Amino acid sequence: MRSQLIWVALFLIFLHCKKDRVGPGFDLIYQRDFVLAPGLGPFITHHFYFRDIPTRFQTLLRENGKTEADIQGVITRQASLTGIFGDADFSVVEEASLRVFAESDPKGAIEAAYRFPTPIERSNTLDLIPSLADTKRVMRDERFSIDLALRLRRNTTDETPVRLNLTLRATHN
């Protein structure tokens with residue numbers, strides 16, 4: 001009897017789990033390339049700034065027949081760092097934090113994704129964990145900026161071209 005209750009409970013949990021809890025909406029997709037220079041050390045946090053990025057938020061609102069009032073929030077759907085030529089070693093990264101902010105208010109940055117601790121295995125891709133923070137107040141503007149903060153385990157030895165991938169989801173009813 002007890003094992004049957006466990007199976008029923010697991011079945012009910014499975015029914016309520018959804019692979020993608022993001023509601024209807026549209027995606028805002030951004031990519032930026034940068035270089036991890038050789039000689040970056042583990043004793044400070046290294047910041048990579050990407051400034052003055054067009055949000056395309058108002059254009060996407062019009063294309064989807066929505067108004068800003070229809071948007072419940074803008075949340076991170078996916079974020080990652082990828083070696084452009086397949087030769088990156090992200091095991092050097094111990095902690096990563098991706099923040100978005102309005103250029104007029106850099107102290108009002110919102111953490112959109114993070115990863116701590118990061119995998120210690122050598123990999124060409126470092127997936128970041130999306131945060132639950134609503135970035136609508138930053139993304140509704142015409143332009144925004146990104147601060148990618150990396151704390152390293154050891155010194156970098158090679159120049160590594162990297163692509164930052166960020167996908168945000170503007171959800172509506």
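Student: What share of the protein chain's contacts between residues at least 6 apart in sequence join residues at least 24 apart?
Tutor: The share is 82%. Contact means heavy atoms within 4.5 Å. This is a predicted model: local features need pLDDT of at least 70, side-chain atom pairs need 80 or more, and totals for chains, interfaces and linings use all residues. Residues are numbered from 1 along each chain as its sequence is written, and side-chain values use heavy atoms, without hydrogens or water.

Student: Why is the pair of Y30 and F144 called edge-to-face?
Tutor: Rings of Phe, Tyr and Trp (its six-membered ring) pair if their centres lie within 6.5 Å; planes under 30 degrees apart are stacked, over 60 edge-to-face, the rest tilted. Y30 and F144 sit 4.9 Å centre to centre, with 65 degrees between the planes. Y30 is in strand β1 (residues 25–36) and F144 in strand β7 (residues 143–152), 114 residues apart. Strands are DSSP runs of E, at least two residues, numbered from the N terminus.

Student: Why does Y30 count as buried?
Tutor: Buried means under 20% relative accessible area, exposed over 50%, partly exposed in between (1.4 Å probe, protein chains only). Y30 has 4%, so Y30 is buried. F144 has 0% and is buried.

Student: What makes the pair of F34 and F50 edge-to-face?
Tutor: The ring centres of F34 and F50 are 5.5 Å apart and the planes stand at 65 degrees, so the pair is edge-to-face. F34, in strand β1, and F50, in strand β2 (residues 45–54), are 16 residues apart in sequence.

Notes:
Helices (H or I, at least four residues) and strands (E, at least two) are DSSP runs, numbered from the N terminus.
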